[in-house]
Amino acid sequence: MRWNGQTAGTTWMQQTLVVLFKYVDIRIIYAIMSIWLIWYIIMRPSATKGIYRFHRFRRQRTVLQSCIDTYRTYYNFGEAVMDRFAIYAGYQFKMDFPNKAEVQHYFEGKDSFYLLFSHLGNSEMAGYCLNTPNKVMNILMYMGDTETVIQNRTNALARNNLRVIPMQGEMMNHIFAITEALDNGEIVAMAIDRIVHSKPIACPFMGENALFPIGPFRICTTLKHPVLFLSVIKSRWNTYTVHIRLLDHTTIGTKVEQTNSLAQTVVSVLEEMTHQYPYQWFNMFDFWNKENE
Amino acid sequence: MEIQEITEKIEMILVEEFEIDAEKLQPTALLKQDVGIDSLDFVDIVVAIEREFGFKPTAQELKQVKTLGELYTFIQERA
């Protein structure tokens, strides 16, 4: 089963949340969500089994521990989703950026670069909170979400010099939008763990081969620019920590070898971060399921 | 540039870089269905055209190109 690219909830529910955040303290909403989640996890085992299996088989947790870890992950995921709507309503989170000095020149310079991210943590927050006044950041996004999420996201991103490159169907438009952005010295941000309209590549991840989309790695190896890996981890109820790392990007070997090498590098960094923050692994797609191959 | 020269260069790129069987490379072959070029391959094609023929095609231009023969003609008109 592949991810359908949608944020849960109807348009009406999502619009209500945006309004709610303007009047209600975010911690009250977290508390209500923590109770509702118990019902959700019990009633939707098919939806939550990916995370359960992640803790049970990839982290070798016991059945009981995996159930608790699943709740913990979903609670964190719920906060991440709520925080997104809080941002749409104008809420500001604190952002820690420990190695900002090391990577700042990429954001302030004239040259293009790739910013790869995953669904570990809440990478979308970087788009709203990292201010890049001198550089447009283009985010490749699958447009399977509801109109409310797409419209709110586009509005919130536009405030911070960010642009969405919509990925719709098999059209080439997004490929050319990426090349144009790179020609203009802009940032191109792409998710590396959503297999949507892309062939998969198998990489060892959390103890077994898992399937990742080949697209982002192919683009990075064809149109050569520095590749940075981003993770935004929630460290307190109102604080996120931004982790950005420059990745080695070999230019030796055939195109296929270079693509594979970059994929392995990125996935190994992701694995390291996932071991560090297992309760913020929010990718519900079961990468290790043989049926996905 | 002569169409023959363009054909030879493009065929060489498709065979060597894309590892496509030379027998598939007929002028009437559809790029996606017959040759097996996907949207990501178009990034490589744009890079190869820029390198070999000195211009960069746009998305709108390449969208009009359906067959290999049309690709050769398009390059001849632009190069």
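Trainee: Helix α1 of chain B, residues 3-16. What span should its 14 residues have, and what do the end C-alpha atoms give?
Mentor: At 1.5 Å a residue, the helix should span 20 Å, and the end C-alpha atoms are 20 Å apart, so the two agree. Keep in mind that this is a predicted model.

Trainee: Which residues of α1(B) are buried?
Mentor: I6(B), I10(B) and L14(B) are the buried ones. They cover an arc of only 60 degrees around the axis, so they sit on the same side of α1(B).

Trainee: And what does the face turned away from that buried side carry?
Mentor: Exposed residues: Q4(B), E8(B) and E16(B).

Trainee: What covers the buried residues of α1(B)?
Mentor: The cover includes α4 of chain B, residues 68-78.

Trainee: Zooming out, how many helices and strands does chain B have?
Mentor: Chain B has 4 helices and 0 strands. Along the sequence the pattern reads α-α-α-α.

Trainee: What does the radius of gyration of chain B say?
Mentor: It is 11 Å. A compact globule of 79 residues would have a value near 12 Å, which agrees. The C-alpha atoms fill a box of roughly 25 × 25 × 20 Å along the principal axes.

Trainee: How much of chain B counts as buried?
Mentor: 24% of its 79 residues. As for contacts in chain B between residues at least 6 apart in sequence, 62% join residues at least 24 apart.

Trainee: Now the loop between α1 and α2 of chain B. What is the phi of E19(B) there?
Mentor: Near 55 degrees, a positive value in a residue other than glycine. Most residues other than glycine have a negative phi.

Trainee: Is E19(B) buried or exposed?
Mentor: E19(B) counts as exposed, because it has 10 C-beta neighbours inside 10 Å and the cut-off for exposed is 12 or fewer.

Trainee: What about Q60(A), what is its phi?
Mentor: Also near 55 degrees, and positive in a residue other than glycine. Q60(A) is in the loop between α3 (45-58) and α4 (63-88) of chain A. Q60(A) is exposed, with 10 other C-beta atoms within 10 Å.

Trainee: Which residues of α8(A) are buried?
Mentor: In that helix, residues 173-183, they are H174(A), I175(A), F176(A), I178(A), T179(A), A181(A) and L182(A). After α8(A) comes G185(A), with a positive phi near 75 degrees.

Trainee: Next, C203(A). Where does it lie?
Mentor: In strand β6 of chain A, residues 200-205. C203(A) is buried, with 21 other C-beta atoms within 10 Å; the cut-off for buried is 20 or more.

Trainee: Which way do the side chains of β6(A) point?
Mentor: They alternate. I201(A), C203(A) and F205(A) point to one face and are buried.

Trainee: What does C203(A) touch beyond four places away in sequence?
Mentor: N209(A), A210(A), F212(A), A263(A), Q264(A) and V267(A). The C-alpha atoms of C203(A) and T265(A) are separated by 9.6 Å, with the two residues 62 apart along the chain.

Trainee: How many bridges join β6(A) to β7(A)?
Mentor: 6 bridges, running antiparallel. I201(A) stands opposite F212(A) in β7(A). The two strands form a hairpin with 2 residues between them, and M206(A) in the turn has a positive phi of about 55 degrees.

Trainee: Last one. In which sense does β9(A) pair with β1(A), and with β8(A)?
Mentor: With β1(A), parallel over 3 bridges. M95(A) has Y240(A) as its bridge partner in β9(A). With β8(A), antiparallel over 8 bridges. R236(A) stands opposite T239(A) there, and β8(A) and β9(A) form a hairpin with 2 residues between them.

Notes
Residues numbered from 1 in each chain as written. Chains lettered and ligands numbered in written order. Predicted model: local features only at pLDDT ≥ 70, side-chain atom pairs only at ≥ 80, totals over all residues. Expected span 1.5 Å × (residues − 1). Arc of directions from axis to C-beta. Contact = placed C-beta atoms within 7 Å. Rg over C-alpha atoms; globule rule 2.2 N^0.38 Å. Pairing = 2+ DSSP bridges.
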